Amino acid sequence: MDGKGVYIETYGCQMNFADSEVVSSILSKAGYTMVADIGEASFVLINTCAIRDNAEQRIRNRVRELRARQGKHPRLRIGILGCMAERLQSQLMAEEDNVSFVVGPDSYRKLPDILSRVAEGQRAAEVELSTVETYADIEPVRMGGNGISAYISIMRGCQNYCSYCVVPYTRGRERSRDPETIVAEARSLYRDGYKEVTLLGQNVNSYHCGGVNFAELMARVAEVSPRLRVRFATSHPKDLSDELLHTMASYDNICKCIHLPVQSGSDRILKLMNRHYDSAWYLDRISAIRSIVPECSITTDVIAGFCTETEEDHRRTLDLFKQVRYDYAYMFKFSMRPGTYAEKHLADDVPDDEKTRRLEEIIALQGQIALENNRQELGREYDVLVEGPSHRNKEQYFGRNSQNKVLVFDRNSVEPGQYVRVRVTDCTAATLIGQLVD
Ligand code: SAH
Ligand code: SF4
Ligand code: F3S
């Protein structure tokens with residue numbers, strides 16, 4: 001150890017992974033070396049998530065586990081970045097005495113200075129949120145990626161204040177990044193051989209900067225090259241415009257996949273969640289997607305057992321799932337988060353075993369729908385961007401189609417990063433199995 005090795009571990013959403021690339025860039029420029037082996041590190045940074053209690057517990061366990069390593073290497077310093085750092089601030093250092101520093105998501109430019117201070121034995125907390133920081137001028141260091149697909153962070157923060165959600169408190173006010181810097185980053189990735197970019201924000205479709213809205217930004221990025229696929233996440237149903245859907249339809253390289261978190265199928269619960277739409281509005285947006293971008297896949301997030309949710313409310317969620325027939329869903333059990341509106345004004349009154357039962361019912365229904373949707377794909381052909389060897393069978397490769405569905409097929413002579421044509425011959429609920437077509 002020369003005292004300059006930094007190891008980063010990342011938890012949580014894609015935005016955190018994108019942030020870790022910004023952190024790597026800042027620290028590399030300041031003379032630190034990003035290491036892939038924790039054994040070579042003088043600093044371990046943990047970029048954390050606070051979205052649910054179990055996300056935080058996982059990180060607490062990891063921090064405690066690192067004590068053993070610090071026993072052997074007393075100069076090893078541990079720092080907590082990201083949403084949990086922002087939420088708990090110096091309280092986290094008080095509770096976990098082997099943590100030397102906590103740094104919130106808008107303070108990463110201060111890291112070089114913080115690392116030099118903590119190396120000398122100080123402790124540091126930098127958690128101020130900014131209304132302007134977008135790290136627009138920082139070229140992220142793409143770590144651990146596949147050289148094919150990259151994230152581009154286009155906005156930060158969220159001020160929707162869904163009543164269950166901690167993100168507005170951990171990420172601060174919404175702010176959009178200058179479009180020129182976004183397009184320049186996409187161009188430079190394409191020149192470096194990347195074939196796919198995903199534009200990221202907590203609420204990407206409310207992007208606006210200097211008169212450029214999200215639909216216009218998408219078109220500009222799509223113009224970089226027809227060979228560069230463009231994806232985006234996450235969209236809020238209240239801001240999903242027909243203009244965006246028309247832009248998606250008019251560019252082949254804008255991927256036909258929309259992640260549109262619904263959270264609940266009950267209007268009463270949606271109101272309590274402060275989502276600013278009801279199920280009729282949501283279903284209208286689904287119809288708009290189906291008519292303007294017919295080949296689009298649709299995915300969602302849902303929460304089971306939110307405050308006061310009744311069996312009747314839960315049934316409405318199941319009914320909505322049956323109506324929309326999502327291709328994929330991230331399904332969660334409600335977790336009360338300190339500081340949110342729900343925590344201050346609502347009761348976490350659905351018993352845990354009841355939450356579990358409702359969640360399992362949604363999971364079972366969605367598994368069945370995903371399998372039925374995939375069966376409809378048999379015989380269809382898709383352009384697939386090859387990503388690498390299949391995890392199950394090394395003789396096979398996997399890639400994704402525009403709809404973001406994973407296809408697995410025999411390796412033959414294809415290479416990662418290539419586009420190939422694949423015909424679907426079989427499927428499971430999670431994967432399409434296919435054959436290369438000449
Ligand atoms: N900005 C995105 C999602 C952010 S968090 C959006 O608004 O859609 C990802 C998902 O975590 C949310 O969509 C929600 O389904 C889930 N989630 C957020 N807070 C939660 C909580 N307190 N308990 C359980 N799930 C939660
Ligand atoms: Fe959280 Fe709602 Fe913002 Fe998404 S839109 S990050 S769920 S507050
Ligand atoms: Fe988690 Fe923060 Fe993302 S709370 S989901 S890492 S914005």
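**Exercise 1.** Is the crossing of α7 and α8 left-handed or right-handed? Describe how these two helices meet in this predicted model.

*Solution.* Start by finding the pair: helix α7 spans residues 179-191, and helix α8 spans residues 214-222. Next, look at their axes, which come within 9 Å and cross at roughly 30 degrees. Angles under 35 degrees count as roughly parallel, so α7 is roughly parallel to α8. Finally, the handedness: the crossing of α7 and α8 is right-handed.

Now see which residues touch. From α7 come Pro 179, Glu 180, Ile 182, Val 183 and Ala 186, while α8 brings Leu 217, Arg 220 and Val 221. Sorted by class, this contact has 6 nonpolar, no polar and 2 charged residues.

**Exercise 2.** Is Glu 56 buried or exposed? Find its place in the fold as well.

*Solution.* First, locate the residue: Glu 56 sits in helix α2, residues 53-72. Then check its relative accessible area, which is 3%. Buried means under 20%, so Glu 56 is buried. To see what surrounds the residue, skip the neighbours within four places in sequence; Glu 56 is then in contact with Cys 49, Ala 50, Met 84, Arg 87, Leu 88 and Arg 337.

Definitions and conventions: Residues are numbered from 1 along each chain as its sequence is written. Chains are lettered from A and ligands numbered from 1 in the order in which they are written. This is a predicted model: local features need pLDDT of at least 70, side-chain atom pairs count only at pLDDT 80 or more; totals for chains, interfaces and linings use all residues. Side-chain values use heavy atoms; hydrogens and water are left out. Axes are lines fitted to C-alpha atoms, for helices over the stretch in contact, and angles run from 0 to 180 degrees between N-to-C directions. Helices (H or I, at least four residues) and strands (E, at least two) are DSSP runs, numbered from the N terminus. Angles under 35 degrees count as roughly parallel, over 145 as roughly antiparallel, 65 to 115 as roughly perpendicular and the rest as oblique. A crossing is left-handed if the near helix is turned anticlockwise from the far one by less than a right angle, and right-handed if clockwise. Contact means heavy atoms within 4.5 Å. Ala, Val, Leu, Ile, Met, Phe, Trp, Tyr, Cys and Pro count as nonpolar, Asp, Glu, Lys and Arg as charged, and the others, Gly among them, as polar. Buried means under 20% relative accessible area, exposed over 50%, partly exposed in between (1.4 Å probe, protein chains only).
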